[in-house]
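Please read the following note with the model open beside it. It is intended for a reader who is new to protein structure.

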Amino acid sequence: MNTALWIVAGLLAAIYLAAGSVKLLRPKEDLAQQMKWTKDVSARTVHAIGLIEVVGAFGVVLPGASQVAVVLVPIAAVGLALVQVGAAITNLRHHELKHVPINIVLIAMAVFVAWGRFGPHPF
């Protein structure tokens with residue numbers, strides 16, 4: 001089970017590092033073509049969401065890998081699940097139903113890591 005938790009955490013980290021980096025590095029106007037929701041928020045909000053995703057990506061792997069403050073791993077996983085709940089709600093509000101299954105999978109992955117690291121398989 002520990003291996004599965006590491007694999008899922010690594011996948012979450014890669015996905016959120018990529019998604020967050022895009023939001024941090026690309027101008028809001030460029031993102032608006034692919035992400036309708038960015039039209040409704042400020043550039044600062046888009047960058048803040050990107051920063052939260054990048055920090056969460058590091059949070060689900062670095063504490064466990066370094067064995068320092070390992071309690072941050074499940075906390076980061078819960079944070080990423082909450083970010084994705086917000087993303088799912090936003091996708092539903094903008095009628096972007098094709099994105100919702102991805103939101104659900106990412107929520108499930110984050111909940112799995114949080115459950116495993118808070119519960120039966122801590123570091």
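The numbered points below treat the basis of the model, its fold, its core and its surface.

1. The model is predicted; local features need pLDDT of at least 70 and side-chain atom pairs count only at pLDDT 80 or more, whereas totals for chains, interfaces and linings use all residues. Residues are numbered from 1 along each chain as its sequence is written, and side-chain values use heavy atoms, with hydrogens and water left out.

2. The chain has 6 helices and 0 strands; helices (H or I, at least four residues) and strands (E, at least two) are DSSP runs, numbered from the N terminus.

3. Of the 123 residues, 36% count as buried, meaning under 20% relative accessible area, with exposed over 50% and partly exposed in between (1.4 Å probe, protein chains only).

4. The largest nonpolar core has 18 residues, and Leu-12, Tyr-16, Val-60 and Val-113 have the most contacts inside it. Helices H1 (2–25), H5 (72–93) and H6 (100–118) each give two or more residues to this core. Such a core is a set of buried Ala, Val, Leu, Ile, Met, Phe, Trp, Tyr and Cys residues joined through side-chain atoms within 4.5 Å.

5. Leu-72 is found in helix H5. This residue counts as partly exposed because its relative accessibility is 42%.
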